[in-house]
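Please look through the sequence and the model below before reading on. The points that follow are numbered so that each can be checked by itself.

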Amino acid sequence: MSISKRKIMVYLPASEILEKSRPRSPKSSKYKNKRVEFLGMKFDSIGERDRYICLMQDEKDGKISGLQRQVKFPLTSNGIVVCHYIADFVYNIGDVKFVEDYKGVLTDTFQLKAKMFKACYGYDITITRRKGWKSLGNK
């Protein structure tokens with residue numbers, strides 16, 4: 001007579017699993033960005049806030065117009081909304097519309113959404129990084 005080994009599955013309620021898992025600090029961020037507030041507005045990073053301050057100055061100086069934050073664009077395929085892209089900044093220089101995103105890390109998700117954005121709207125997203133941006137007056 002042979003004895004077979006059986007695996008016993010134990011099912012735990014989700015609440016028990018969550019209690020046993022290591023708690024994650026609510027302040028920690030996957031990409032080490034620090035969320036900040038400025039003039040009552042919340043920003044995902046210090047760099048994004050700094051870029052907004054620079055764009056505000058450019059708008060005040062008349063170099064850009066129509067500055068907006070967190071503009072939502074639907075991304076569609078065959079008439080079906082697949083997902084949305086939320087731009088950090090949208091503004092105009094003359095008659096040209098710019099959609100800009102401040103990025104510390106270029107994720108795969110962002111790169112896919114940027115390609116979909118170009119297919120849907122016909123122009124690229126301007127990507128700014130800490131080392132790569134300047135005020136229009138600082139060229």
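**Notes on the model**

1. Lys103 is buried, and Asp101 is buried too; buried means under 20% relative accessible area, exposed means over 50%, and partly exposed lies in between (1.4 Å probe, protein chains only). The side chains of Lys103 and Asp101 form a salt bridge, with 3.5 Å from N to O. A salt bridge here is a side-chain nitrogen of Lys or Arg within 4 Å of a carboxyl oxygen of Asp or Glu.

2. A word on the source: this is a predicted model, in which local features need pLDDT of at least 70 and side-chain atom pairs count only at pLDDT 80 or more, while totals for chains, interfaces and linings use all residues. Residues are numbered from 1 along each chain as its sequence is written, and side-chain values use heavy atoms, with hydrogens and water left out.

3. The chain has three helices and six strands. Helices (H or I, at least four residues) and strands (E, at least two) are DSSP runs, numbered from the N terminus. Along the sequence, the order is α-β-β-α-β-β-β-α-β.

4. Of the 139 residues in the chain, 26% count as buried. The accessible surface of the chain is about 10800 Å², and carbon and sulfur atoms hold 54% of that surface. These areas come from the Shrake-Rupley method with a 1.4 Å probe; for residues, only the protein chains shown count as cover.

5. Contacts can also be sorted by separation along the sequence. Among contacts in the chain with a separation of 6 or more, 47% are between residues 24 or more positions apart. Contact means heavy atoms within 4.5 Å.

6. Which residues make up the largest nonpolar core? There are twelve: Val71, Phe73, Leu75, Tyr85, Ala87, Val90, Val99, Phe110, Ala114, Met116, Phe117 and Ile125. Strand S3 (65-77), strand S4 (80-93) and helix H3 (108-121) each give at least two residues to this core. The largest share, four residues, is from H3. A nonpolar core is a set of buried Ala, Val, Leu, Ile, Met, Phe, Trp, Tyr and Cys residues joined through side-chain atoms within 4.5 Å.

7. Met116, a member of that core, touches Leu75, Val82 and Cys83, when residues up to four places away in sequence are not counted.

8. As a general point, side chains of opposite charge can pair when their charged atoms come close.

9. One of the salt bridges joins the side chains of Arg69 and Glu48, at 3.8 Å from N to O. This pair links distant parts of the chain, with Arg69 in strand S3 and Glu48 in helix H2 (residues 46-60), 21 residues apart. Arg69 is buried, at a relative accessible area of 19%, and Glu48 is buried at 3%.

10. Another salt bridge is formed by the side chains of Arg51 and Glu100, at 2.5 Å from N to O. Arg51 belongs to helix H2 and Glu100 to strand S5 (residues 96-102), so this pair ties together parts that are 49 residues apart in sequence. Arg51 and Glu100 are buried.

11. What does Glu48 touch, not counting residues up to four places away in sequence? The list is Phe43, Arg69, Gln70, Asp88, Phe89 and Tyr102. The C-alpha atoms of Glu48 and Tyr102 are separated by 5.7 Å, although the two residues are 54 residues apart along the chain.

12. Two backbone angles deserve a check. Most residues other than glycine have a negative phi. Gln70 is not a glycine, yet has a positive phi of about 50 degrees. Gln70 lies in strand S3 and is partly exposed, with a relative accessible area of 36%. Asn78, also not a glycine, has a positive phi of about 55 degrees. Asn78 lies in the loop between S3 and S4 and is exposed, with a relative accessible area of 76%.
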